[in-house]
Amino acid sequence: MSDTPSSSPALARTRIKICGITRVEDARAAAALGADAIGLVFYPPSARHVSVAQAREIALSLPPFVSVVTLFVNAAPDLVEEVIDQVRPALLQFHGDEAPDDCTRYRHPYMRAARMREGLNLLDFASRFSTSQALVLDADQPGYGGGGEVFDWSRIPANVAHPLVLSGGLHAANVTHAIRQLRPWGVDVSSGVEASKGLKSAQRIAEFIAAVRAADL
């Protein structure tokens, strides 16, 4: 009998991304409380939008082994390239209407968001974006996410051959159930851990992470 970690489901751990960080103190709190990654939003209509200078300061404040993910919505290539150069993200996240070529042109690891509207064929979507590190599953709503809405989880096929990151309306009260039902690779939360739009609550982050860990037991 193998004793390697991959052979033991009990050792599985759901990864956690805290998205929409706008302040150094929120990034440091998320890291200290156990987040695996933080998300920085480069979409001006969003209340969680940050400048490249802000993002660089936040990224440089993080301790080792906490990843930075930079989120774009139909962004100009010059902006994406500037962010890669100045912020050095571990992953890009494309959350708009980007085609596969728009995502791969930077030769940088990326995740692709899928807005889970009725009629979306997620298997076809995963095939189109087969070069992505993961698919981020979010609610289909105006503003490209961050609205705190849960989508119908029954729309997720059981046989998607891709790591899935569950997003959309997650918070401490529902994330344990979501993980036990779906067993995603990771979860992505923004509004569910906020004191107000763009400002995170350390207490809510702690409660969310504790709820994720409860699901992993």
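Over which residues does pLDDT stay under 50? The answer is residues 1–11, for which the model has three contacts (heavy atoms within 4.5 Å) beyond four places in sequence. Here pLDDT is the predictor's confidence in each residue, from 0 to 100, and the protein chain averages 92, with 92% of the residues scoring at least 70. This is a predicted model, where local features need pLDDT of at least 70, side-chain atom pairs count only at pLDDT 80 or more, and totals for chains, interfaces and linings use all residues. Residues are numbered from 1 along each chain as its sequence is written, and side-chain values use heavy atoms, with hydrogens and water left out.

Now to the fold. Eight strands close into a barrel, in the order β1-β2-β3-β4-β5-β6-β7-β8, with parallel pairing. Strands (E, at least two residues) and helices (H or I, at least four) are DSSP runs numbered from the N terminus, and two strands pair if DSSP finds at least two bridges between them. On average, neighbouring strands of this sheet are turned by 30° against each other, direction ignored.

Let's look at one pair. Strands β2 (residues 37–42) and β3 (residues 67–72) run parallel and are joined by six bridges; Phe-42 has Phe-72 as its bridge partner in β3. Helix α2 (residues 52–60) lies across β2 and β3, running at about 170° to β2. Such angles run from 0 to 180 degrees between N-to-C directions, with axes fitted to C-alpha atoms, for helices over the stretch in contact.

Next comes the second largest pocket, lined by 19 residues, with Arg-15, Asp-36, Ala-37, Leu-91 and Trp-185 nearest its centre. A pocket is an open set of points on a 1 Å grid over the protein atoms alone where a 1.4 Å probe fits, with protein on both sides within 12 Å along at least five of seven lines; lining residues have an atom within 4 Å of a point. Strand β1 gives the largest share of the lining, three residues.

Finally, His-108 lies in the loop between α4 (100–104) and β5 (110–115). His-108 and Ala-90 are 18 residues apart in sequence and 8.4 Å apart in space, C-alpha to C-alpha.
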